[in-house]
Amino acid sequence: MTGSNTHPMRLVTIVVEALAQEPLTRMLTEEGARGYTLFEVQGQGATGARVGDIAEFGNIQVEAVVQPEVAVRILDRLEREFFPRFATVAFEAEVRVLRPEKF
Amino acid sequence: MTGSNTHPMRLVTIVVEALAQEPLTRMLTEEGARGYTLFEVQGQGATGARVGDIAEFGNIQVEAVVQPEVAVRILDRLEREFFPRFATVAFEAEVRVLRPEKF
Amino acid sequence: MTGSNTHPMRLVTIVVEALAQEPLTRMLTEEGARGYTLFEVQGQGATGARVGDIAEFGNIQVEAVVQPEVAVRILDRLEREFFPRFATVAFEAEVRVLRPEKF
């Protein structure tokens, strides 16, 4: 992308029931995320009996910019520990950051 | 990107006047979005007389992760139905999701 | 990505102390951003004495979709003017927009 002073990193986004906030943010820190932002959101997931759907109220969206290898570990733990227990949506995207030494 | 267990998808983001919430979320569901998140945001659009600018207050941002072909249909309906009626900004990005069968 | 009617652009995201709101949004406008969205967020940055970490409360996330050359100027001014004064995280991503003439 643009500048010579931006560096490739991953933005990991997790939408989850608000009750998962504490274990989620603790896991992010354990796996090496240096920070995150947390939004209270309204959401509407698929209706019906699917495991992992998002409830209509009381969700949070948590975003963390991390090194690629940290993203791998976070996604792995989401898959193993959070998807079975909480209504969770998780995705990653490529971003370029200023001041990569902070991440 | 990272893991063998993530799958390419599109993140469609729409910033729009809050009064468009009901028709927008209904359209997303009709076109195949399995869920979305909704944020109340402050925004400031370009000043002046342009059609489609974002008003200073009372906007929402709606994000939906969808299959690529669903993104095409959503963007097409935004273009045809929402841009003429509401102050709307819409964009899409590539993301990789866990558990693609939910989308 | 998808449609013939979407156009490449940059999404610049800035997470910063709320007290930076006024100078930040003024700078975005000066550098050519036609609009932005602003979220109040909770965040948690790295602990310790690093300059530029995000405080636990009172942060905003500001997102602006801009032309690539505008993104370069915004990131440059963030680097020079905001990182020394405010706890700031900034990143950019590729997005594709509808109605590029608005940006």
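**Figure 1. B:Glu30 and B:Arg77 are joined by a salt bridge between their side chains, at 2.8 Å from N to O.** A salt bridge here is a side-chain nitrogen of Lys or Arg within 4 Å of a carboxyl oxygen of Asp or Glu. The pair links distant parts of the chain, 47 residues apart: B:Glu30 belongs to helix 1 (residues 21–30) of chain B and B:Arg77 to helix 2 (residues 68–82) of chain B. Helices (H or I, at least four residues) and strands (E, at least two) are DSSP runs, numbered from the N terminus. B:Arg77 is buried at a relative accessible area of 15%, whereas B:Glu30, at 48%, counts as partly exposed. Buried means under 20% relative accessible area, exposed over 50%, and partly exposed in between (1.4 Å probe, protein chains only). The model is predicted: local features need pLDDT of at least 70 and side-chain atom pairs count only at pLDDT 80 or more, while totals for chains, interfaces and linings use all residues. Residues are numbered from 1 along each chain as its sequence is written, chains are lettered from A and ligands numbered from 1 in the order in which they are written, and side-chain values use heavy atoms, with hydrogens and water left out.

**Figure 2. A:Glu31 forms a salt bridge with A:Arg73, at 3.1 Å from N to O.** This pair also connects distant parts of its chain, with A:Glu31 in the loop between helix 1 (21–30) and strand 2 (36–44) of chain A, and A:Arg73 in helix 2 (residues 68–82) of chain A, 42 residues apart. A:Glu31 is buried, with 13% relative accessible area, and A:Arg73 is partly exposed at 38%.

**Figure 3. A:Glu31 also meets A:Arg77 in a salt bridge, at 2.8 Å from N to O.** A:Arg77 lies in helix 2 of chain A and A:Glu31 in the loop between helix 1 and strand 2, so the pair ties together parts that are 46 residues apart in sequence. A:Arg77 is buried, at 15% relative accessibility. Leaving out residues up to four places away in sequence, A:Glu31 touches A:Val70, A:Arg73, A:Ile74 and A:Arg77; contact means heavy atoms within 4.5 Å.

**Figure 4. C:Arg96 sits in strand 4 (residues 88–98) of chain C.** C:Arg96 is buried but has no salt bridge, and the nearest side chain of opposite charge, that of B:Glu92, is 4.3 Å away. For charge, Lys and Arg count as positive and Asp and Glu as negative; His and the chain ends are not counted. The C:Arg96 side chain reaches the backbone oxygen of C:Thr6 at 2.6 Å.

**Figure 5. Helix 1 (residues 21–31) of chain C has the buried residues C:Pro23, C:Leu24, C:Thr25, C:Met27, C:Leu28 and C:Glu31.** Their cover includes strand 1 (6–17), strand 2 (36–44), strand 3 (59–66) and helix 2 (68–82) of chain C.

**Figure 6. Chain A superposes on chain B by a rotation of 120° with 0.0 Å of shift along its axis (RMSD 0.0 Å).** The two copies are thus related as by a three-fold rotation axis. They use different surfaces: 7% of the contact residues of chain A recur in chain B. Copies are superposed by least squares on the C-alpha atoms of residues with pLDDT of at least 70 in both.

Conventions
Polar contact = N/O pair within 3.5 Å; in protein donor to acceptor, adjacent residues only side chain to side chain.
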